[in-house]
Amino acid sequence: MNTYSKWMYKQFFKRALDFMIALMAILLLSPLYLIVAILVRFKLGSPVIFKQERPGRDEKIFTLYKFRSMTNERDEKGELLPETVRLTKFGVFLRSTSLDELPQLFNVLKGEMSIIGPRPLIVYYLPLYNDHQKRRHEVRPGITGLAQVKGRNFISWEEKFDLDVEYIEKLSFLNDLRIVLLTIKIVLGRKDVYVDAEKIMEDFKGSSVQREV
């Protein structure tokens with residue numbers, strides 16, 4: 001794919017493909033949405049959909065949707081218990097199969113996300129990125145991405161961000177197709193996913209070394 005074709009894909013065709021794929025997937029998977037929603041309500045409580053503000057393209061804040069995977073259990077002071085306690089076996093199953101990510105197809109329809117791109121992280125991390133890492137917001141965030149198929153939660157934050165920038169620099173239809181196929185393989189094999197409640201990845205606290213762009 002030449003430079004012009006890559007530019008056309010990035011500027012026009014990628015968004016059109018995202019919309020069509022998300023719409024078809026939502027229609028085809030509507031029975032699965034209903035089943036998962038009922039199970040979440042029965043096993044984890046309400047609300048069924050977890051909503052959280054995340055930074056998108058150009059750091060514009062949007063509301064991300066997921067099926068909830070943790071309970072709302074609290075201590076005697078009304079404080080939420082640690083994630084390691086609130087993440088149940090059913091929640092582990094949702095995460096390991098990526099079923100909790102299904103509602104993000106509606107974020108794709110709205111133009112807030114893409115099928116493929118850097119994962120949208122929490123707003124709290126925004127001031128912690130160096131200039132190199134901030135480049136991950138040059139494109140729409142994705143449901144899956146290069147970092148997710150190259151190690152997911154088994155690589156460091158710095159490695160993830162390097163892969164995010166690499167994705168942006170090499171963005172093309174063929175690379176997106178490769179990531180989709182690798183994602184399917186990983187999800188079906190349930191590989192490279194943190195599913196142990198005792199091994200939830202630590203928060204990003206900033207990089208000790210500031211990289212030049």
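Buried means under 20% relative accessible area, exposed over 50%, and partly exposed in between (1.4 Å probe, protein chains only). The model here is predicted: local features need pLDDT of at least 70, side-chain atom pairs count only at pLDDT 80 or more, and totals for chains, interfaces and linings use all residues. Residues are numbered from 1 along each chain as its sequence is written, and side-chain values use heavy atoms, with hydrogens and water left out.

**Exercise 1.** Work out whether glutamate 101 is buried or exposed, and which side chain it meets in a salt bridge.

*Solution.* 
- Start with the accessibility: glutamate 101 sits at 11%, so it counts as buried.
- Next, find the partner. The side chain of glutamate 101 meets that of arginine 119 in a salt bridge, 3.2 Å from N to O. (A salt bridge is a side-chain nitrogen of Lys or Arg within 4 Å of a carboxyl oxygen of Asp or Glu.)
- Now place the two: arginine 119 is in the loop between strand 3 and helix 6 (131–134), glutamate 101 in the loop between helix 4 (89–96) and helix 5, so the pair ties together parts 18 residues apart in sequence. Helices (H or I, at least four residues) and strands (E, at least two) are DSSP runs, numbered from the N terminus.
- Arginine 119 has 12% relative accessibility, so it's buried too.

**Exercise 2.** Find where aspartate 164 and arginine 136 lie, and whether they are buried or exposed.

*Solution.* 
- Their side chains meet in a salt bridge of 2.9 Å, N to O.
- Aspartate 164 lies in helix 8, and arginine 136 in the loop between helix 6 and strand 4 (142–144).
- Both aspartate 164 and arginine 136 are buried.
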